[in-house]
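Okay, thanks for making time, everyone. Let me put the model up and walk you through a few spots.

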Amino acid sequence: MSMNYTFSFKNNSFLYQFFEGAKDTFPLVVGAVPFGIIFGTLAATAGLSSWATMGMSMFVFAGSSQFVAVSLVFAGTAWPMIVLTTFVVNLRHMLYGATMVPFYKHLSPFWKIVLAFGLTDETFAVSVNRYSRKDGVTGKRYYNLGSMVFMYTNWNLCTFIGLTAGKAFPGISRWGLDFAMPATFIGMVIPYLVTKPMWASVVTAGTVSILAAGLPHKLGLMAAAIAGVIVGLVCEKIFCNKEELI
Amino acid sequence: MFDMGISLNEFYMVTGMAVVTFGIRYIMFPISGRFKFPELFNRGLKYVPPAVLTAIIVPSVLMPHGNTLNLKLTNPYLVGAIAACVIGGLFKNLLLTIVVSMIIFLVCQWAFAFGAV
């Protein structure tokens, strides 16, 4: 963390940007610590093998869908259904990808593959802010990479700790550390709440998420997100003056 | 079904989840050059992160144990979430919001569970 102070990186050098990305992701990494640990403990108590638990964090790298998968494994669900549910739960990431298209346009296929793999809620939120700042800095992909590498390392480390702890203390999954996810996400939503259309969008998404909670396979999440986006766009039209739009 | 150390079903599950998740995150890059997104779609994108995150937050806070609403102030998830909103709104500091609301949540959960309040 403090490396960019101990070494004198040229400002905006690639290494400097890498550590800037990691630094700006730090609060989200802190939020992901209990989340990752609880995932490891839940997986251990749900009967998932250590191999499959670590494999999920290493190759899937998508927190909420990993939680859903563990609960489905516990309920004895067949693997094709778990994969399908993962698809639905993670469908929102397609919209993250769409948002990144203009920023990744000039990158090599290798960079696109690496950065797309790490497009989690957290890294997306942090990186999109950096890309959107029009300060003429080049090589923002290193900022994105720094955020992603920090999240990835932490997520796998915490999964491993949780897995070990879950085997040692089987009761740990009932401590309620699962509040870490909503706490982190609330902190991430608040900075967005500066315009009326954004407020309307968020209130709508929250309301629909409750009304549609009974829908199977987490489809309520998609319904709520789509409703939120539509209401946001409609409100943009209604409050159509410049200061309402950012 | 998942009782073996490394079962074939687990392998299929993890592989399937990995392929599907990467596919979702990547698909927009190869196809984006082939057509242009309508202007409305692009404007709608900025509502995606807050709307999706809120749709994850609200049920996990108001329905912490399945499909029943718990709007009582003895719901530690609700108290913690209110604390997170207040702290986040006042100080605009992510780390402070997460740490303090986690502490409040854990204290409430402990207090409510043992009937101290």
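Before anything else, one term: buried means under 20% relative accessible area, exposed means over 50%, and partly exposed is in between, using a 1.4 Å probe and protein chains only. By that scale, Lys23(A) is partly exposed because its relative accessibility is 26%, and Glu20(A) counts as buried because its value is 16%.

Ground rules, quickly. This is a predicted model, so local features need pLDDT of at least 70 and side-chain atom pairs count only at pLDDT 80 or more, while totals for chains, interfaces and linings use all residues. Residues are numbered from 1 along each chain as its sequence is written, chains are lettered from A and ligands numbered from 1 in the order in which they are written, and side-chain values use heavy atoms, with hydrogens and water left out.

Chain A, then. It has twelve helices and zero strands, where helices are DSSP runs of H or I with at least four residues and strands are E runs of at least two, numbered from the N terminus. Of its 246 residues, 58% are buried.

Back to that first pair. Lys23(A) and Glu20(A) form a salt bridge, with the closest N and O atoms 3.2 Å apart; the term means a side-chain nitrogen of Lys or Arg within 4 Å of a carboxyl oxygen of Asp or Glu. Both residues sit in helix α2 of chain A, three residues apart, or about one turn of the helix. Over all chains, the count is six salt bridges.

Now for the contact between chains. Glu236(A) counts as buried because its relative accessibility is 3%, and Arg43(B) is partly exposed because it comes out at 25%.

Glu236(A) also meets Lys46(B), at 2.7 Å, N to O. This pair crosses between chains too, from helix α12 of chain A to the loop between α3 and α4 of chain B. Lys46(B) has a relative accessible area of 32%, so we call it partly exposed. Its C-alpha atom is 38 Å from that of Asn9(B), 37 residues apart along the chain.

That's my tour; over to you.
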